[in-house]
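Visitor: Could you show me how to read surface features in a model such as this one?

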Amino acid sequence: MMKLDGPFLRERLREGGGLGVFWSVLGSSALVEVAVEAAPDAVVLDAQHGLWSRQAIEHVVGTVGWKTPVLVRTVDGTSRSLGEALDAGAEGVIAPLVETAGQAAAIVAAARFPPEGERSGGGVRPLKGNFSAYYEQARSRTVVGVMIETVRGLENAAEIAAVPGLDFVLVGTGDLALSLGIAPSDPKHEAACRAVFDACRKAATPCAIFTPNATEAARRVAQGYALTVAANDIDLVGAGLSAAMARFRESRSA
């Protein structure tokens with residue numbers, strides 16, 4: 001869609017300052033519409049682990065994309081998955097489970113139009129209006145992120161972060177802990193996150209990190225991370241309902 005007034009998300013990532021996004025897995029466009037009233041810096045639709053279909057993504061972009069940047073964590077790093085998300089009008093993509101610089105470079109190429117990349121021109125939203133204008137906007141504004149969340153990705157973090165055209169690296173804290181065989185509370189996990197952060201800083205590439213709540217997001221921003229998860233729908237809905245029922249039972253028994 002890409003009709004937001006500047007500075008747009010790609011520029012804001014470069015400038016730093018710590019962005020807080022809303023992460024959605026439940027596949028509810030209505031919930032996302034409510035969420036953007038809180039003015040997150042962006043919305044991430046999780047198509048890898050969440051309930052988001054291509055048509056639902058297209059609906060969200062049409063509903064809120066004029067107001068809040070929409071990113072999609074794609075199913076994988078293939079050109080098909082990346083192209084479907086961008087053709088739906090998403091402002092950017094986040095590819096999971098990236099382990100080598102070669103994979104990251106292929107993702108950048110698949111997400112960018114020639115001459116910078118190899119993205120195919122098409123999609124209902126890009127073609128419904130002025131494709132030439134969309135093409136020019138996409139060349140300057142499309143955000144491309146990759147996730148480091150395995151031991152192999154950690155080992156290759158410096159090379160991944162240095163890939164030209166990459167807008168940010170996102171540390172997938174949960175899967176990284178699983179890959180390391182440790183709990184997220186283990187000091188080795190924090191050291192691994194820091195290793196990715198340091199690799200990104202050396203390459204002058206913004207580093208993002210998945211965070212479970214607003215308090216942790218703020219802590220990570222203070223450490224210098226460029227993008228964090230301020231809230232996610234499944235935890236907010238679950239916690240809100242649990243708190244409401246607890247208050248109800250407490251009041252009923254009083």
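Guide: A patch is made of residues with over 30% relative accessible area and no salt bridge, where like charges are joined within 9 Å and nonpolar side chains (Val, Leu, Ile, Met, Phe, Trp, Tyr) within 5 Å. Accessible areas come from the Shrake-Rupley method with a 1.4 Å probe, and for residues only the protein chains shown count as cover; a salt bridge is a side-chain nitrogen of Lys or Arg within 4 Å of a carboxyl oxygen of Asp or Glu. The model is predicted, so local features need pLDDT of at least 70 and side-chain atom pairs count only at pLDDT 80 or more, while totals for chains, interfaces and linings use all residues. Residues are numbered from 1 along each chain as its sequence is written, and side-chain values use heavy atoms, with hydrogens and water left out.

Visitor: Which residues make the nonpolar surface patch?

Guide: Leu 26, Ile 234, Val 237 and Leu 241 make this patch of about 330 Å². Ile 234 belongs to helix α13, a helix being a DSSP run (H or I) of at least four residues, numbered from the N terminus.

Visitor: Why does Ile 234 count as partly exposed?

Guide: Partly exposed lies between buried, under 20% relative accessible area, and exposed, over 50% (1.4 Å probe, protein chains only). Ile 234 counts as partly exposed because its relative accessibility is 47%. His 59, found in helix α3 (residues 54-64), is also partly exposed, because its value is 44%.

Visitor: How far apart are His 59 and Ser 29 in space?

Guide: Their C-alpha atoms are 7.2 Å apart, although 30 residues separate His 59 and Ser 29 in sequence.

How values were computed. Helix = DSSP H or I, 4+ residues; strand = E, 2+ residues; numbered from the N terminus.
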